[in-house]
Each structure stands twice: as C-alpha cells, then as structure tokens.
Amino acid sequence: LKKLEVHYENAQTFKAVAEEWFEAKSKPWSAGYRQNVRTILDRDLYPALGALPTKSITTPIVHQAIKRVEARGAATRAILARQIVGNVFKLAVITSRASFDVAEPLKGQIARCRVVHRRHLERADVGDFLRKLEDYTGHRQTVIALRVLLMTAVRPGELCNAEWVEFDLNGAEWRIPAVRMKMKRLHIVPLSHQVVTLLRELKDLNGHEKHLFPVQGTKAGAMPLNTLRNAVNKIGFKDRFNPHGSRGTFSTILNEKGYRPDIIERQLAHAEKNAVRAAYHHAEYLPERKTMMQDWADMLDAFQTGAKVISLGKAA
C-alpha cells in the first residue's frame, strides 16, 4: 500500500498539474495569450520542472528556472513564467499535491535583479513619488516631463529629445521617428487624456520651441537626462528610482494586472526578431495598446490619490 501511495505521489508531476490547470483556465483566453502561456510551459518550464513531482519542487528550483529565462533578456516573459508556476501550485495545493505555493517568495525578484542604474519604482512607492513630484518647486516642465515619462513608458532619451512635430494631440498619438528609436523603427505611442492635458499645458509654455523640453535659459538643444535625475534626487528618491526604471514599473504592474506580454513588449518598443513582422510592427496591437495606456494613466492617478487599485485578473 505504501508503495502505491509513493507511486501515486510521484505521478503527480508539475507537468500533470500544469496541463490540468491549462485545460481548466485557458478557454476564455485570447488566442495570443493562450499561445504565450503554452510556449512558456513547453519551452521554459517543462524542461526544468515538468518531470518533477510538485511536492518535491522547492523555491530555489523554480528560481533557477525563472532566472534562465531572465538571463536571455526576457524579463517580461520571466515574470509571466513565475505567475504561471504560482497558478499551477495554487491548484496543486487545493488538490493536496503540494503544501504551499513555492513561487510566492519570488514575487518582485525579477525586477529587483535589474542593474542599479535602472532601478524602478516599487508599486508601493508610486503614489508617494507622484505626490512629492507635484510638490516639487523646480521648473514646471521638469514635473511634466517626469509625469509623461511614467505615463508613456518611453525611454528617457526619447522623451527629452521629443519634438512638437511628432505629436498629434487631437488624435492623441505620438509618432517617434525611426531615427530617434533604439531599434531604428517608427514607434507609435497612444496618449491617454491625462498626457494630452499635460502636453497642452506644456505647449502654452514651450509651444514656440522645437523641442517639448528645451534647455532652460537657452534656445539651443533639448533637456539633458541629468535634469530628470536631479529632480528625482531632490524629491528624495535617489536610492529608489532612476528615470529609465519607469519602464520596469510599467512592465511589472501591467504584467501583474494580466495584460498580454506581447502588448506590453510592443508598447516598450522591444526588438522584433522576425524581420517580416518588424516591417509593420509599429502599429501592431494598437487598439489594445490605446486601452492599456489609458488604463495605466488611470492607475497612476489612483496611486497618487491613495485609492486602492484592484487587480481584475487578465486584461485586454
């Protein structure tokens, strides 16, 4: 009888539980999200965890599997992989095939492993940062720049060198030309109504200039990155936030909310390895990205006012 019990427990592998979870939960998912999860299971998780009984899997084992994904430079995918393991273990706990969720201690670990110069705002610090930013006594254009940076998730250099000709405020769209993009491809940024309002205010200040954020006291050149860093330091976030880390904040929180990684990655203008898709990739998922960017701006407003932001599970 004891041998039968051991045999039964050993048969309850991670792959067996994961397939049961996938079958039960994936029906309402979009085709793209379902394929993302399927790929992560087959390529990233099963090779490392699939054959192991769930009761024998420890947090360090899962951590190693997730770190291998992150080491490829796929932080968004690594975050989703951690979430998948957590969901599988929730089912394992409910069905007595595990004692606890071994992925729980790994929440936030992927983001915290980023290099120091890209440290991002933790979810709990976002509201405090935005409130202190509004009280900043420096130039108003610097406040606007940092708020727009958070709301658009562009790279700081792309923001600081932005030109008015790139913007269609009536159409709520920012088209960053390929020459200014890291990947040398046109990038479309949907603008939330909060960003449009901020840019209309900025236009009253700097609309006669070439750049949105010209160097203060001169008509030549655009705002240097150090202006943003100095403002962050002055409001007390020197050791907690670097402007480039705004993209990490955006990615982490929206992944936790359940937005599809493809949409998040596209909005971050990350590299597309498929050359054919790259030709039209700038506009891909645009309707979903418009919804996501408005949702993101609304979330930032809620963080600032101290309202509770409730995760509703998988989003668009």
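**Terms and model.** Two rings of Phe, Tyr or Trp (for Trp, the six-membered ring) form a pair when their centres lie within 6.5 Å; such a pair is stacked if the planes are under 30 degrees apart, edge-to-face if over 60, and tilted otherwise. The model is predicted: local features need pLDDT of at least 70, side-chain atom pairs count only at pLDDT 80 or more, and totals for chains, interfaces and linings use all residues. Numbering runs from 1 along each chain as its sequence is written, and side-chain values use heavy atoms, with hydrogens and water left out.

**Figure 1. Overview of the protein.** The protein holds 15 helices and three strands. These are DSSP runs numbered from the N terminus: H or I of at least four residues for helices, E of at least two for strands. Of the 316 residues, 51% are buried. Buried means under 20% relative accessible area, exposed means over 50%, and partly exposed lies in between (1.4 Å probe, protein chains only). Among contacts between residues at least 6 apart in sequence, 67% join residues at least 24 apart. A contact is heavy atoms within 4.5 Å.

**Figure 2. An aromatic pair between helices α2 and α5.** The structure contains ten aromatic pairs. In one of them, the ring centres of Phe 14 and Phe 89 are 6.3 Å apart and the planes meet at 35°, so the pair is tilted. Phe 14 belongs to α2 (residues 14-25) and Phe 89 to α5 (residues 75-94), so the pair ties together parts 75 residues apart in sequence. Both Phe 14 and Phe 89 are buried.

**Figure 3. Phe 167 and Trp 174.** Here the ring centres of Phe 167 and Trp 174 lie 4.7 Å apart with planes at 20°, so this pair is stacked. Phe 167 counts as buried at 14% relative accessibility. Trp 174 is buried too, at 0%.

**Figure 4. A ring cluster and two charges over rings.** Trp 21, Phe 22, Trp 29 and Tyr 33 are linked into a cluster by ring pairs. The charged end of Arg 38 sits over the ring of Phe 22, 4.8 Å from its centre. Elsewhere, the charged end of Lys 203 sits over the ring of Trp 164, at 4.2 Å from the centre. The criterion is NZ of Lys or CZ of Arg within 6 Å of the ring centre and within 35 degrees of the ring normal.

**Figure 5. The surroundings of Asp 101.** Asp 101 lies in the loop between α5 and α6 (109-112). Asp 101 is buried, with a relative accessible area of 15%. Its side chain reaches the backbone nitrogen of Ala 103 at 2.9 Å. Leaving aside residues up to four places away in sequence, Asp 101 touches Val 85, Gly 86, Phe 89, Lys 90 and Val 93.

**Figure 6. The three-stranded sheet.** The sheet is open, with the order β1-β2-β3 and antiparallel pairing. β1 (167-168) and β3 (187-190) are the edge strands, each with a single partner, so one side of each has no neighbour in the sheet. β2 (residues 173-176) pairs with β3 in the antiparallel sense over four bridges. Pairing requires at least two DSSP bridges between two strands. Ile 176 has His 187 in β3 as its bridge partner.

**Figure 7. Helix α12.** The twelve residues of α12 (residues 246-257) should span 16 Å at 1.5 Å a residue, and the end C-alpha atoms are 17 Å apart, which agrees. The expected span is 1.5 Å times one less than the number of residues. Eleven of the twelve residues are buried, so α12 is largely enclosed by the rest of the structure. Among them are Arg 247, Phe 250, Ile 253 and Lys 257. Gly 258 follows α12, with a positive phi near 110°.

Technical notes: Polar contact = N/O pair within 3.5 Å; in protein donor to acceptor, adjacent residues only side chain to side chain.
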